[in-house]
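Biologist: Could you walk me through this model, starting with its pockets?

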Amino acid sequence: LDTVVRGEPAPSRRTLCCLCAIALGAASYAHNDARITPAGYAWGVVYLSIIVTEMVYAKHVTATIQLSTWSLVLYQNTIALFLWPFASLISGEFQSLRLLVQTPEEDSEPLMTMTTLVPLCLSCVLAIGISFSAWGTRSAVSATQFTVLGVACKLATVAINVLAWSHHASIEAQFSIVVCILASVAYQQSAKADKAGKALPVTK
């Protein structure tokens, strides 16, 4: 999609093999995870379609609209702020919060205390940092590279979860994660080599 829509150079055979290895590793992990249901596969396809479109569009924004990284962060969070009430109503979070405020449990702590405000403020600061680093990275790399980087981070999180918690994935699923991470690293190196090769002057 990055090549068709934005006119990015087609990946080399080596880079394409890395992308295929990531896709096969992710499919193998889903296949070997006993907790994945048919509905999970369906949502995975929906997520894949949305994230690919979003990555290419976001790269188009950074390439065509001359805004600083902080301006992009401000616009993103402002739009999210206006969408939040609708998302809360649809998901039922607004109703849960209203019931919690109106009928608090007898042994529960008040909502507005340091115990709740500190994690809330800390999560907001971290979210702004994540948004800033994401837009800065989008400006520096292609949409495909940013997507692969995001996939690698998610798989690394899954790997840490496997090591930290008692409900481990199977050996086959863990091997699939390793394949995806190694393929992601190989893709980054291959993409850099492709970019360097295209930047070399043509000699006759």
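Biologist: Which residues line the second largest pocket?

Modeller: First, this is a predicted model, where local features need pLDDT of at least 70, side-chain atom pairs count only at pLDDT 80 or more, and totals for chains, interfaces and linings use all residues. Residues are numbered from 1 along each chain as its sequence is written, and side-chain values use heavy atoms, leaving out hydrogens and water. A pocket here is an open set of points on a 1 Å grid over the protein atoms alone, where a 1.4 Å probe fits, with protein on both sides within 12 Å along at least five of seven lines; lining residues have an atom within 4 Å of a point. That gives Glu54, Tyr57, Ala58, Val61, Ile65, Leu67, Leu72, Tyr75, Gln76, Ile79 and Trp135.

Biologist: Which helices each supply at least two residues of that lining?

Modeller: Helices are DSSP runs (H or I, at least four residues), numbered from the N terminus. For the second largest pocket's lining, they're H3 and H4 (69-91).

Biologist: Is Ile50 buried or exposed?

Modeller: Ile50 sits in helix H3 (residues 38-64). Buried means under 20% relative accessible area, exposed over 50%, partly exposed in between (1.4 Å probe, protein chains only). Ile50 has 55% relative accessibility, so it counts as exposed.

Biologist: And which residues of H6 are buried?

Modeller: H6 covers residues 114-140. By that under 20% cut-off, the buried ones are Ser131, Ala134, Trp135 and Arg138.

Biologist: How far apart are the end C-alpha atoms of H3?

Modeller: The expected span is 1.5 Å times one less than the number of residues. With 27 residues, H3 should span 39 Å, and the ends agree with that, lying apart by 40 Å.
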